[in-house]
Amino acid sequence: QFLELCTPLTEEHPEVVPFLSGRHQKATPEFLSSAELRNVLSRCLGRVRARPNKVYVYINELCTLLKAHTLRRKLAPVPLPDVPTATSPSQLPHTDTPTPPTATTAASSSSSPSSSSSSPGGSKRQIRYLENLLRVYTGEIRRLQERELDLAELDSEDSPYLQESRLKRRMMRIFERLCQLKRCSSLTGRVIEQRIPYRGTRYPEVNRRIERFINRPEVFPDYTDILKVIQKASARHSLGLARRQMESMAQDAFREVGNRLQERRHLDLVYNFGSHLTDQYRPGTDPALVDPELAKRLRKNRTVALTRLDSVISHYAQLQDESEEEERGRKRAAR
């Protein structure tokens with residue numbers, strides 16, 4: 001059903017559906033017959049029917065899940081700590097959403113080491129408790145997003161924005177714990193989780209080190225970071241790169257890596273931005289689509305921004321060179 005629904009929506013890229021079929025064929029028989037896959041497929045079917053313009057996002061989500069359960073890449077069991085990291089509902093700010101009925105019993109059972117050791121995949125009570133807690137947090141976040149704010153609240157240390165941010169961080173911790181209890185991958189299919197390959201230089205050792213560095217969580221490197229990575233690769237593998245050559249490579253790599261990281265973040269924002277209050281937004285309502293003057297001005301501003309970005313990068317690269325030259329001069333004078 002999912003393939004039949006996606007085929008007419010992906011006619012511009014006919015290779016997508018066969019790729020998804022290949023992922024499906026490589027998955028383990030246990031996963032193909034599991035309730036988890038049926039639930040994910042049901043959710044993706046509903047989302048594609050509701051928002052067909054995001055069909056590639058949901059196909060990517062399903063591909064990521066199938067890849068995590070392929071025959072040659074079956075996930076290893078995750079060792080579980082004794083105590084789950086769930087947050088007690090009593091720490092929530094005031095909300096009209098009822099607390100889950102199994103919270104007390106689940107918390108007491110999950111705090112016992114014997115209960116965790118007797119069920120290596122997590123008991124149904126623990127899982128049900130954390131799922132209920134996620135629903136409570138979801139309701140509270142919706143309530144905070146719907147609140148009207150005044151200027152005084154924006155300066156408050158406990159503003160609705162900060163409360164919402166804290167709740168979302170707690171939800172992420174609960175989600176990771178649920179994935180451990182259910183013994184499944186925590187990948188969600190977001191663009192931000194996709195690995196960025198790098199082949200920008202003719203030295204495989206340098207490429208590997210840069211690729212490993214830029215794919216660290218929450219990394220957005222600057223020129224100096226890239227230069228240090230190249231210097232370490234040159235020293236470690238005895239590449240014999242000259243200083244000017246490494247600086248030139250660092251500038252090119254910094255531009256390429258920065259653009260690709262920025263593009264990945266932008267796509268992730270486009271696919272995931274908003275809340276339930278903005279679900280009715282449609283891209284066709286962009287005023288630039290019906291105002292040629294506005295569209296022309298936006299294109300001009302983008303050209304100016306890219307030009308200024310290049311000038312800033314060149315300026316600071318030159319300052320870096322001058323600073324290093326002065327430092328070497330001082331060392332020679334001291335000697």
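## Reading helices, contacts and loops

Modeller: Glutamine 251 lies in helix H13; helices (H or I, at least four residues) and strands (E, at least two) are DSSP runs, numbered from the N terminus. The model is predicted, and local features need pLDDT of at least 70, side-chain atom pairs count only at pLDDT 80 or more, and totals for chains, interfaces and linings use all residues. Residues are numbered from 1 along each chain as its sequence is written, and side-chain values use heavy atoms, with hydrogens and water left out.

Biologist: Leaving aside neighbours within four places in sequence, what is glutamine 251 in contact with?

Modeller: Contact means heavy atoms within 4.5 Å. On that basis, glutamine 251 touches Tyr223 and Ala317, once neighbours within four places are set aside. The C-alpha atoms of glutamine 251 and isoleucine 313 lie 8.0 Å apart, although 62 residues separate the two in sequence. For the chain, 70% of the contacts with a separation of 6 or more come from residues 24 or more positions apart.

Biologist: How many helices and strands does the chain have?

Modeller: The chain has 14 helices and zero strands. Burial is the next thing to read: buried means under 20% relative accessible area, exposed over 50%, and partly exposed in between, with a 1.4 Å probe and protein chains only. By this criterion, 34% of the 335 residues of the chain count as buried.

Biologist: How is the packing of two helices described, and at what angle do the axes of H4 and H5 cross?

Modeller: Two packed helices are described by the angle between their axes and the distance between the axes. Axes are lines fitted to C-alpha atoms, for helices over the stretch in contact, and angles run from 0 to 180 degrees between N-to-C directions. The axes of helix H4 (residues 35-50) and H5 come within 9 Å and cross at roughly 170°. H4 is therefore roughly antiparallel to H5, since angles under 35 degrees count as roughly parallel, over 145 as roughly antiparallel, 65 to 115 as roughly perpendicular and the rest as oblique. In this contact, Glu36, Leu37, Val40, Leu41, Arg43, Cys44, Arg47 and Val48 of H4 meet Val55, Tyr58, Glu61, Leu62, Leu65 and Leu66 of H5. By class, the contact of H4 with H5 comprises ten nonpolar, no polar and four charged residues; Ala, Val, Leu, Ile, Met, Phe, Trp, Tyr, Cys and Pro count as nonpolar, Asp, Glu, Lys and Arg as charged, and the others, Gly among them, as polar.

Biologist: Are H2 and H5 roughly parallel or roughly antiparallel?

Modeller: The axes of helix H2 (residues 16-26) and helix H5 (residues 55-67) come within 9 Å and cross at roughly 25°. H2 is therefore roughly parallel to H5. The crossing of H2 past H5 is left-handed; a crossing is left-handed if the near helix is turned anticlockwise from the far one by less than a right angle, and right-handed if clockwise. H2 contributes Val16, Phe19, Leu20, Arg23 and His24 to the contact, and H5 contributes Tyr56, Ile59, Leu62, Cys63, Leu66 and Lys67. Eight nonpolar, one polar and two charged residues make up the contact of H2 with H5.

Biologist: How many residues of H5 are buried, and which helices do the buried residues of H5 pack against?

Modeller: Ten of the 13 residues of H5 are buried, and this helix is mostly covered. Among the buried residues of H5 are Val57, Ile59, Cys63 and Thr64. The buried residues of H5 pack against helix H1 (2-6), H2, helix H3 (29-32), H4 and H13.

Biologist: What span is expected for helix H14?

Modeller: The expected span of a helix is 1.5 Å times one less than its number of residues. Helix H14 (residues 292-334) has 43 residues and reaches 63 Å from its first C-alpha to its last, close to the expected 63 Å. Its buried residues are Ala295, Ile313, Ala317, Asp321 and Glu324, and they pack against helix H12 (223-236) and helix H13 (243-272).

Biologist: Which loop holds arginine 183, and where is serine 238 placed?

Modeller: Arginine 183 is found in the loop between helix H10 (160-182) and helix H11 (204-214). Its phi is positive, about 55°, although it is not a glycine. Arginine 183 is partly exposed, with a relative accessible area of 38%. Serine 238 sits in the loop between H12 and H13, and its phi, near 55°, is also a positive value in a residue other than glycine. At 64% relative accessibility, serine 238 counts as exposed.
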